[in-house]
Amino acid sequence: MIEFQNLSLVYPNGTEGLKNINVKINEGEFVVIVGLSGAGKSTFIRSINRLVTPTNGALFVEDEDVLQLNGKGLRQLRTKIGMIFQSYNLVKRSTVIKNVISGRLGYTGTLQSILNIFSKEDKLLAYENLKRVNIEEKLYNRADELSGGQQQRVSIARVLTQKPKLILADEPVASLDPPTSHQVMKYLKQINVEDNITTIVNLHFIDMAMEYADRIIGMRAGEVVFDGPVSEVTEKTFEEIYGRSIRDEDRRGGVEDE
Amino acid sequence: MNKHSSYVPKGLYPFKTILIISLSLIVVISFYLISSIRTESFIWHFFVKFPNVIGLIGDFFPPDWSYLEQVWPKLFETIHMAIIATTIAVIISIPFSLLTANNVTTTTWIYQFMRFLLNITRTIPDIILAVVFVGLFGIGAFSGIIALIIFAIGILVKLMSEVIETIDMNPTEAIRASGGNGLQTISFAIVPQVLPQFISFSLYVFEINIRASLVLGLVGAGGIGQLLNKEINFMNYPAVSTIIIIVFAVVVVIDYISGKLREGLV
Amino acid sequence: MSNQPLTLPKKPKSKLKLVKRVIVLIAIVLIYIWTFSNISIRWESIFSVRTLENIDRIIPRFFQPAFEETGSIMEMMIETIFIAYTGSLAAAVIAVPLAFLCASNMVRNKFLNNIGMWILGAVRAFPEIVLAIIFVAAVGPNPFAGVLAIAIGSTGMLGKLYSEVIESIDMNVIETLEASGANKMQILFYGIMPQVLPEFLSYAIYRFEIDVRASSVLGIVGAGGIGTLITFAYMNRNWEEVGMILLVIIITVTIIDQISGFIRKRLV
């Protein structure tokens, strides 16, 4: 369970990233955060694994206030939280397997990991997760030989290798074309259902949010302006969140299957 | 070209550009004249003194090939010095270049301090380093190696920190987000991106060290330069030309090999 | 481990690659063995009381620079700058025709390109100090020898960099000029020079930076400049003066680097 209590974040330059957020996210939920760019979606997500540090309030992940964590404690928390990025963030020159196994770093000793010594179990886990996203045949390819969609699938495999309790995805499909976007979202949804991993995804496409989310949180200017199950959401809701009428660019569209 | 009643563009460039260019040309040329006079070196002097050069070639040729036997040991010493110095310099440079890259070292004062240190180090000529270390540790290869190490660190850290500053920082965020610590982030997200260039620069520094160790010998810091210095003082020009030819050949061969290796890397 | 439901597929490794790696590894190990078994370092004299005494004696003097020598040192530093300037300017000019000779899009003759490359490569292989030794023998121990050494040494590097610049220019412009009936000289001045000049200048200034450092060393073999003072100070064990010379070099080189960096930024 994740709980935001009166959480605020002011950046050093004075910009308010988050304003007094109070949200509770239950285990196993698939939450999509929507909002225009600059609305604070990214800050919201990055507060959870403390890639950014909120300035006020409290944020509980599994009954631990992440604001109080530091050093080793923080790294231990992060091993339980997987994160997927818009630009995949793979090391392009390294092989797929090396990228995936880097999900085990939080569990592995520094010296061992620098010398690339991982247990057989870790390697198998990495391979199994590549199979889950159907990309196991690229095991020894370099990451920069893969297409965008393939790279994003590798980064999902990396996250799974962490054995996370929670997955955060920051605009995971913004750099992909419509069919690939649906494919990536399907994998995320499938993992959410099968492994009961709480998943929080930032999106700005309203059709994709409607299709995959259990619950939608709308943000504008650092504030939560909507929070409810997907069944309560209509186009009107999005217009209220965005503060303007819905345009074509707000929809990903495209086929649902490759 | 101009002064007509109707409007005719005055030249192809705006007046300001012409002014700046003419002024810079005047500065460049007058400075050239001053320095030529000061250093008593007009290029035509070269042709005036050309007979000297011809005469000199007579002094230098033919090279004294029997001298070769004395060249080999000192040549190998030069190569050994360069190998040891490059190896140690590479190892020391790794942490220093991380500290001198502003995307890894986000603490401003550490970064600024390292930059300052690097810039100072880079301005010290290798020969002064050698002079100081020969003064401290006496004549021999050891002083030369220490001088080469410091000289090489200056070059390597500059090149490396620039490469590190251009890498893709996104993977480091991913590693941090999955709970990796500082060293793991460096070895998984940074090292793979910079390793080929790092090896390439190390070979490049090795080439530079071979040349530099030649200079160091002139002040007694070991290597073939020491031999060169001795023969120049004895005006034994055939021997000098043997040394020069050997050095030339070695530099060409090493440049070639390391060039090939570097091509294979990138 | 065969009872595991999943096994990791074997990494596909080409035999050739493996053999290559093994050979390289063995070669590296052999080189290091050769190096460390042959290097002659007299450790006992390095870690001796004398070294400690030296450190005690030299270091403090080194950090009490002889400010009273400032005048004469500055004078030699200026001479050093003059040597570097004259040498690099000469090189900047001499390198241009050589660079055109090497550029494969200008001279469409592989043989001539290779000759040009060979000349430049041969020149680059001579360390400046060796060139200085040769020229001191040829024209006597004076700054002129230094200028020649710097000029020749810099030509090697500038020629190579210039030719790379020429090879990267936009050839469509030249085609356009040719189509409009321009002759070779006109193409050179209207089509090629405007494209390459800023980078030529930038490289020449950069080379001047390097030459200031290089020419401060040349005096050791008698080719003029501040290096002459280094030799004297070193022979007399005058560490205060060595310290002062170093201070002057550091300050001068830093200032020149700053100025040249500023100009080069404006150029591009």
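Helices (H or I, at least four residues) and strands (E, at least two) are taken as DSSP runs and numbered from the N terminus. The structure is a predicted model, in which local features need pLDDT of at least 70, side-chain atom pairs count only at pLDDT 80 or more, and totals for chains, interfaces and linings use all residues. Residues are numbered from 1 along each chain as its sequence is written, while chains are lettered from A and ligands numbered from 1 in the order in which they are written.

For chain B, an unreviewed UniProt entry lists "transmembrane region" at residues 12–35, 42–61, 81–106, 127–157, 212–228 and 234–257; UniProt positions follow the numbering used here, feature names are shortened, and annotations may be inferred rather than shown by experiment. The span 81–106 of chain B is 73% helix and 0% strand, with its end C-alpha atoms 36 Å apart. For residues 212–228 of chain B, the corresponding values are 65% helix, 0% strand and 13 Å. The domain assignment divides chain B into domain 1 (15–60) and domain 2 (65–265), with bounds that come from an automatic or database domain assignment. The centres of these two domains of chain B, taken over C-alpha atoms, are separated by 33 Å.

In chain C, the feature "transmembrane region" is placed by UniProt (unreviewed entry) at residues 21–41, 82–103, 115–138, 144–162, 217–236 and 242–263. Residues 115–138 of chain C are 92% helix and 0% strand, and the end C-alpha atoms lie 26 Å apart. Residues 242–263 of chain C are 100% helix and 0% strand, with 31 Å between the end C-alpha atoms.

Contacts (C-beta atoms, placed from the backbone, within 7 Å) link 48 residues of chain C with 46 residues of chain B. On the side of chain C that touches chain B, helix H4 (residues 70–102) of chain C gives the most, with 7 residues. By class, that side of chain C comprises 34 nonpolar, 11 polar and 3 charged residues, where Ala, Val, Leu, Ile, Met, Phe, Trp, Tyr, Cys and Pro count as nonpolar, Asp, Glu, Lys and Arg as charged, and the others, Gly among them, as polar.

In chain A, strands E1 (residues 2–10) and E2 (residues 16–25) pair in the antiparallel sense over 6 bridges; pairing requires that DSSP find at least two bridges between two strands. A:Phe4 stands opposite A:Val23 in E2(A). The hairpin of E1(A) and E2(A) has 5 residues between the strands, and A:Gly14 there takes a positive phi near 95°. Strand E6 (residues 81–84) of chain A pairs with strand E7 (residues 166–170) of chain A in the parallel sense over 4 bridges, and A:Leu168 in E7(A) is the bridge partner of A:Met83.

Definitions and conventions. Contact = placed C-beta atoms within 7 Å.
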